Amino acid sequence: MQYLLLVWMCLPCVMGQLKLVERFNMGSLGRQVSTAARTSFSFYEEWQIFKNTHGKMFRDFDTESQRYETFKDNLQYIADHNTLYKKGVSSFYVGINQFSDMTHDEFSSYMRLERLIQRTYHGIPSHLSLPDDQLPDQIDWRTRGFVTPVKDQGQCGSCWAFSTDSTCKYDASKVVANCTGHTDIRRGSESDLKSAVGSVGPVSVAIDASHKSFQLYKGGVYSEKRCSTTNLDHAVLAVGYGTLKGQDYWLVKNSWGSSWGEDGYVKMIRNRRNQCGIATEASYPTV
């Protein structure tokens, strides 16, 4: 009798966990977001897989317990967001990556996401934009050997160096060219940015990466209404553009390793009033 009473008392909790697991799993998409979760103990199983995958080790039990609680909170966020994605409310989905045991404040501090110094535009050549009908409808400079492999900047906070890395490697041998200066793109103009990416090559850009949705981005066309067009804290590289399911996007190379996003890349929404400031501080080198 006592056993049946205990089961009855625990049933609501178990059912709540199972509902979250169902939302988190999401069938085939769940395999991209995480290893399939099927029992009320799946959070612990996910935690073990996460630690093994990313080589996570903790100095004591209390530290690991704290990280585990944060990890579970992030799984809840992933489940909630991906429910919206499955319903078509969101254009992108999120998932487990190497940052999934960090709160967003910890992540921002770890990655040194601070407002970037704006560049000076006085006396610097500006890009001469081409008409849209002279540009390809889509382009991916990775297929032409102009983009180096994705790297992981770690905690060094040198995202500008990583964002310009590929723009100085314009041949198949990946030999670094001499960059004697840079050409700026008209501030805030996505049409001019498209012209530069479509006719010149990869372009160094700065974005607002200060949101949890970006920390845990996994795939799809990233769109964040809270993004700023002026408070930019991360430098990345626009290596192409295209359209996915009716959504125009920029193909952007990040510097957080290949386990983040789509093998280290993000599709950021294009033609949405310069969302996340992608065209605010854009330039490419003079070689």
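Below is a short chat about a predicted model of this protein.

Colleague: Quick overview first: how many helices and strands are there in the protein?
Modeller: There are 8 helices and 9 strands. Keep in mind that this is a predicted model. Of the 287 residues, 50% count as buried.

Colleague: And what share of the contacts with a separation of 6 or more comes from residues 24 or more positions apart?
Modeller: Those residues account for 74% of them.

Colleague: OK, pockets. What volume does the largest pocket have?
Modeller: About 320 Å³. The lining is made up of 16 residues, and by class these are 5 nonpolar, 7 polar and 4 charged.

Colleague: Which residues lie nearest the centre of that pocket?
Modeller: His 81, Val 89, Ser 90, Phe 92 and Ser 223.

Colleague: Which element gives the largest share of the lining?
Modeller: Helix H4, residues 61–86, with 3 residues.

Colleague: Let's stay with H4. At what angle does H3 pack with H4?
Modeller: H3 covers residues 42–54, and the angle with H4 is about 110 degrees, with the axes 10 Å apart. The range for roughly perpendicular is 65 to 115 degrees, so H3 and H4 fall in that group.

Colleague: Which residues meet there?
Modeller: From H3 you have Phe 43, Tyr 44, Glu 46, Trp 47, Phe 50 and Lys 51. On the H4 side they meet Glu 64, Arg 67, Tyr 68, Phe 71, Lys 72 and Leu 75. By class, that contact has 7 nonpolar and 5 charged residues, with no polar ones.

Colleague: Why does Asn 274 count as buried?
Modeller: Because its relative accessibility is 7%, and buried means under 20%.

Colleague: And Cys 276, where does that lie?
Modeller: In the loop between S8 and S9. Cys 276 has a positive phi of about 65 degrees, and is not a glycine. At 1% relative accessibility, Cys 276 counts as buried.

Technical notes: Residues numbered from 1 in each chain as written. Predicted model: local features only at pLDDT ≥ 70, side-chain atom pairs only at ≥ 80, totals over all residues. Heavy atoms only, no water. 1 Å grid on protein atoms, 1.4 Å probe; cavity = no way out; pocket = protein on both sides within 12 Å on 5 of 7 lines; lining within 4 Å. Points joined across faces, edges and corners; volume = space filled by probe spheres on them. Helix = DSSP H or I, 4+ residues; strand = E, 2+ residues; numbered from the N terminus. Nonpolar A, V, L, I, M, F, W, Y, C, P; charged D, E, K, R; others polar. Axes fitted to C-alpha atoms, helices over the stretch in contact; angles between N-to-C directions. Parallel < 35°, antiparallel > 145°, perpendicular 65-115°, else oblique. Contact = heavy atoms within 4.5 Å. Buried < 20%, exposed > 50% of the residue type's maximum accessible area, 1.4 Å probe, protein only.
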